[in-house]
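Keep the structure open while reading.

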Amino acid sequence: MELNRLVKGKKGEKQFLLGNEAAVRGTIEAGVSIASTYPGTPSSEIGNILSVLAKDAKMYFEFSINEKVAMEVAAASAASGIRSFTFMKHVGLNVASDSFVSVVYTGIHGGMVILSADDPSMFSSQNEQDNRHYGRLANLPVLEPSNPQEVKDMIKHAYNLSEDYKIPVLIRTTTRVSHMRGIVEFGDIPETVNLNEKINSTKDNHWKKGFFKKDPKRFVPVPDNALDMHKNLVSKMKHIDKIANNSDLNVVFNFSDKHNETKATEANNKNSEVINENSEANNENSEVINENSEANNKNSEVINENTKNNDKITEINKKNTENKTNNKKFGAIASGSGFNYVYDVINEDNLGIDILKLGFTYPFPKELVVDFVKDLDGVFIIEEVDPIMEKEVLATFGENQINIPVFGKIDGTFPLIYEFNPDIVRDSIDKVLNHISSENKVHKTGNVSVKLDGKLTDLFENLPSRPPTLCAGCSHRSTYFGVRRAAEELGIANEDLIFSSDIGCYTLGVSPPYETTDYLLSMGSSIGDACGFSKATNQKIVSFIGDSTFFHGGIPPLINGVHNNHRFVVTILDNRTTAMTGGQPNPGLPVDGMGDVAPEISIEKIAIAAGCEFVETINPINLMKTVDTYKRALEYDGIAVIIAKHPCTLIKGLKKRRSMIIKQDKCNKCLDCITTLACPAISLEINKESKEKKVIIDDTICKGCTTCLQMCKNKAIGIKKD
């Protein structure tokens, strides 16, 4: 699909969209004027797409310096009477939480929607926190889509709800919902978004603007005002509670009737088969009697068979009666991705379990749940990650004296951690039902559970691990090699050197052979951690932080370190992009989130303005200069700032350099280039027949950075000629 279909697509048009692409279309159909974010997977694609389409969609979009600022941009916009949208990965909401909780108190004029993309199983995150908790902490409505169509539709629904009650709305997606594809039918785009109007991309007039009406009593949460704000918020949520209990976003899927019909049909078919067998046998009986007396023996056998068949009929009828009178009736309550899994299991295995799918999950629709379970003997709760709905159900049962078992995470029916899949849900339900059969083996490794046949199981178990690694030509590798070499030349033992690192590609330094990540907490924490280690130990400290992350959260701790006379080395890895999340711009670049020219903020000047006296910029690919700079920085009495500046190899348009080549006549097979540099372009080749070993460089992935050439003591690496 061409991205511009998200803007140009007409009502009724259908496209096969990612959940994140559907979110973009939802904001366009909702008439959003201002959107802001800090990039973070699994929400990154939303920002990447908006950066391209914002002008055509009559929307202002920015990559804010961090999630807190993004939240504040959206909050102020909504307070000015226009619709705003901010989105971030789950841990980003931690950064934004201070202003997030306050904007729920103050409320808004225009609609405001906040999308939190959670990451069960931590595919690209440091934790798998469940941000549904934030709905209860801040006390605002929470919606949970389970597919791309719902992502789009719920965003539109959320804006109407937000404006009706002057309150932000939180939409919680997960990695699977963000990255799954599904058919999405487009709705109308409001007339205020005139797609045919000519856009002047150099001025700030391509989006609708509002007007902020002063009202300190409402928008300034000093204690006296905040007392009324909280009272008003509680009142709003009481009204919204009634809406949740009657919302079309909460739907019952009836499988019990289908199950009973199927069972009855199967039983009738079996009865018919047996009756037909009896008729055939009786016909055969008559023919045999008329033929001759020798057939009497056979006749007796057939009669005996008839008797057996009649017994079968009796047994089947008895079982049918038992099923109708003695079988327990179960139900399931699910949300988000959990609904998709349990729907498939119940439908495919014909379990006859009705599902209450909750899309409007907070305020929790207690009345709806009570009505759903009134004829049940037990209920399954399927949710990722924490047992939040399960606790709500248990509380609801206690309040209403409902005494049926609840099967969820708390009682051990479902796993407490990681994302689910159909196999996990099937196995969990079978702990209670004890009759779901499966011919295939469920293979589990870590947090992965997949169903495989014999051959695939053997293959799965014998696959070599393939850990993530820095790209060929990545300048972070050169930086790590340089700091390790400097410490070695200064005689600093590994145990006397602490590496505090941060969130980014460079976190891969945790792996051998670099091992330059000893401690990590969150975005921007590396410098704050270094402050703590500086006072708590006598060890040398080197912190690593990316350029985007430095702007995000590294500046305050740097000022803290200077002011409090700490001593450590700060390495700002400036690779000219926000690489890990897809190459978004940051304030250190001369371009903004919509591709317009913007002031480039100097990292060097910020460090100097913070009071740092040792501030040097290096090209880490120059190993000799890198090692020398780190040696001086490690001996400096104070905070030394090294800016390792070199563009990411994935930036489009970079000129490809000549690749490196091994001079086989000079290579002594010391393997230092493999064991201490670990560039994926360099490998050891073994001849199958002669068993001869030789080091080779794959010129299809080599970036020609020359780091290996510089570190080879035998000068066995050179530049490949054309």
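Which residues lie nearest the centre of the largest cavity?

## Cavities

Cys667, Cys670, Cys673, Cys712 and Asn714 lie nearest the centre of the largest cavity, among 15 lining residues. A cavity here is a set of points, on a 1 Å grid over the protein atoms alone, where a 1.4 Å probe fits but cannot get out; lining residues have an atom within 4 Å of a point. The volume is about 140 Å³. Volume means the space filled by probe spheres set on the points, with grid points joined across faces, edges and corners. By class, the lining has 10 nonpolar, two polar and three charged residues. Ala, Val, Leu, Ile, Met, Phe, Trp, Tyr, Cys and Pro count as nonpolar, Asp, Glu, Lys and Arg as charged, and the others, Gly among them, as polar.

The structure holds four cavities of 30 Å³ or more. Helices α18 and α24 (707-711) each supply at least two lining residues. The classes are 11 nonpolar, five polar and two charged.

## Model and overall make-up

This is a predicted model, in which local features need pLDDT of at least 70 and side-chain atom pairs count only at pLDDT 80 or more, while totals for chains, interfaces and linings use all residues. Residues are numbered from 1 along each chain as its sequence is written, and side-chain values use heavy atoms, with hydrogens and water left out.

The protein chain has 24 helices and 25 strands. Helices (H or I, at least four residues) and strands (E, at least two) are DSSP runs, numbered from the N terminus. Buried residues make up 50% of the 722 residues. Buried means under 20% relative accessible area, exposed over 50%, and partly exposed in between (1.4 Å probe, protein chains only). Of the contacts with a separation of 6 or more, 75% join residues 24 or more positions apart. Contact means heavy atoms within 4.5 Å.

## Nonpolar cores

The largest nonpolar core has 63 residues, and Phe85 and Met112 touch the most other members. Helix α7 (residues 148-165) gives the most to this core, with six residues. A nonpolar core is a set of buried Ala, Val, Leu, Ile, Met, Phe, Trp, Tyr and Cys residues joined through side-chain atoms within 4.5 Å. Beyond four places in sequence, the contacts of Phe85 include Val32, Ile34, Leu115, Ile155 and Tyr159. A second, separate core of 45 residues includes Cys474, Ile492, Phe550 and Leu573.

In soluble globular proteins, nonpolar side chains tend to be buried together.

Tyr480 sits in helix α18 (residues 475-490). Its relative accessibility is 1%, so Tyr480 counts as buried. Tyr514 is 34 residues away in sequence but 6.2 Å away in space, C-alpha to C-alpha. Leaving out residues up to four places away, Tyr480 touches several others, including Tyr506, Tyr514, Phe544 and Leu573.

Leu356 belongs to strand β11 (residues 354-357). Leu356 is buried because its relative accessible area is 0%. Phe253 is 103 residues away in sequence and 6.4 Å away in space, C-alpha to C-alpha. Among the residues that Leu356 touches are Val251, Ile333, Leu368 and Phe372.

## A bent helix

Where does helix α20 bend? The bend in α20 (residues 547-563) is at Gly554, by about 70 degrees, and Pro556 follows within four residues. The bend is the angle between axes fitted to the seven residues ending at a residue and the seven starting there. Gly554 is one of the buried residues of α20, as are Phe550, Phe551 and Leu558. After α20 comes Asn565, with a positive phi near 55 degrees.

## Backbone exceptions

Most residues other than glycine have a negative phi, and most peptide bonds are trans. The bond from Thr41 to Pro42 is cis, with omega near 20 degrees. Pro42 lies in the loop between β2 (34-37) and α3. The bond from Pro512 to Pro513 is also cis, with omega near 5 degrees.

Met122 has a positive phi, near 55 degrees, and lies in the loop between β5 (112-118) and α6 (132-138). Ala678 also has a positive phi, near 55 degrees. Its loop runs between α23 (672-677) and β23 (682-686).

Definitions and conventions
1 Å grid on protein atoms, 1.4 Å probe; cavity = no way out; pocket = protein on both sides within 12 Å on 5 of 7 lines; lining within 4 Å.
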